[in-house]
Amino acid sequence: MATAHWAAFLRGKMKDNKIPNPNTIFPIPNIDTITYVKPSIKNPNIIVGDFTYFGDKDFEKHVTHHYDFIGDKLIIGKFCQIAAGVEFLMNGANHQMNAVSTYPFYIFGTWEQSAPDKKELPLKGDTIVGNDVWIGQNVTILPGVHIGNGAIIGANSVVGKNVEPYSVVIGNPAKEIRKRFDDELIEIMEKLKWWDKSIEEIKSLIPILTCSDLNNVKEVLRNKI
């Protein structure tokens, strides 16, 4: 579907449903490859904010090595855009690295090895994604990574380090190639926290949130924080 036709289609659907509902699994009628993540998940260790969507079905299948006995969490903010093929590797993927062998004998009961203490494993903590983050297709996010608000992760990247707010990273390993905005606008956006506002307030902000005249955006938003 051409971009202009797609935009017109979405505008029509928005008019049909004037109150956005974050608890609708398939927010676009007759399209089952765009899903709101929050209402689709069952694992209590995956916490996702309103209106974050995934460009496929069954988001939990893309959170791998996520074992209850480790207890790490995947926490994703609001209004994130997660493309198809994205995979979150959790801490259960890590092997003991402070011994001469990395082989996990303990997961195969026949080797009669006790599981190592958690302190012996390279556990990196929770994986945290901020708000309004765009994660491109086939990105892999490694355990314990923190991604700041408004960041963009380029397609096919492998993210092993923290990502600063409103930065663009790409590659394997993913590296920052630029900031999206100057320091002043980043500071304004971090203070504004538009994703925490009411639906009506967000609707009123859409013209400025989607404006490419960044000087005008700064001027308008200075008066809103």
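Predicted model: local features only at pLDDT ≥ 70, side-chain atom pairs only at ≥ 80, totals over all residues.

Q: Take C80, then. Is C80 buried or exposed?
A: C80 is buried, because its relative accessible area is 1% and the cut-off for buried is under 20%.

Q: And what about C211, how much relative accessible area does C211 have?
A: C211 has a relative accessible area of 25%. That makes C211 partly exposed, because the class covers values between 20% and 50%.

Q: OK, on to strands. What holds the strands of a sheet together, in general?
A: Strands of a sheet pair through backbone hydrogen bonds, and the pairing can be parallel or antiparallel.

Q: Which strands form the open sheet here, and in what order?
A: There are four strands, in the order β2-β5-β8-β11. Their pairing is parallel.

Q: Which ones are the edge strands?
A: β2, residues 46-48, and β11, residues 146-147. Each of these edge strands pairs on one side only.

Q: How many bridges are there between β8 and β11?
A: Two bridges, in the parallel sense, with β8 covering residues 127-129. As for residues, V129 has I147 in β11 as its bridge partner.

Q: What about β14, how does it pair with β15?
A: β14 (residues 167-170) and β15 (residues 175-179) are antiparallel, with four bridges. Across that pair, V169 stands opposite E176 in β15.

Q: What sits between those two strands in the hairpin?
A: Four residues lie between β14 and β15 in the hairpin. G171 takes a positive phi there, near 115°.

Q: Which other strand is joined to β14?
A: Strand β12, residues 152-153, is joined to β14 by two bridges, and the two run parallel. I153 of that pairing stands opposite V169 in β14. V169 therefore turns up in both pairings, since V169 also stands opposite E176 in β15.

Q: Changing topic: how much space lies in the second largest pocket?
A: About 200 Å³.

Q: Which residues lie nearest its centre?
A: Y67, G92, N94, Y106 and I107. The lining of the second largest pocket has 14 residues in total.

Terms used: Residues numbered from 1 in each chain as written. Heavy atoms only, no water. 1 Å grid on protein atoms, 1.4 Å probe; cavity = no way out; pocket = protein on both sides within 12 Å on 5 of 7 lines; lining within 4 Å. Points joined across faces, edges and corners; volume = space filled by probe spheres on them. Buried < 20%, exposed > 50% of the residue type's maximum accessible area, 1.4 Å probe, protein only.
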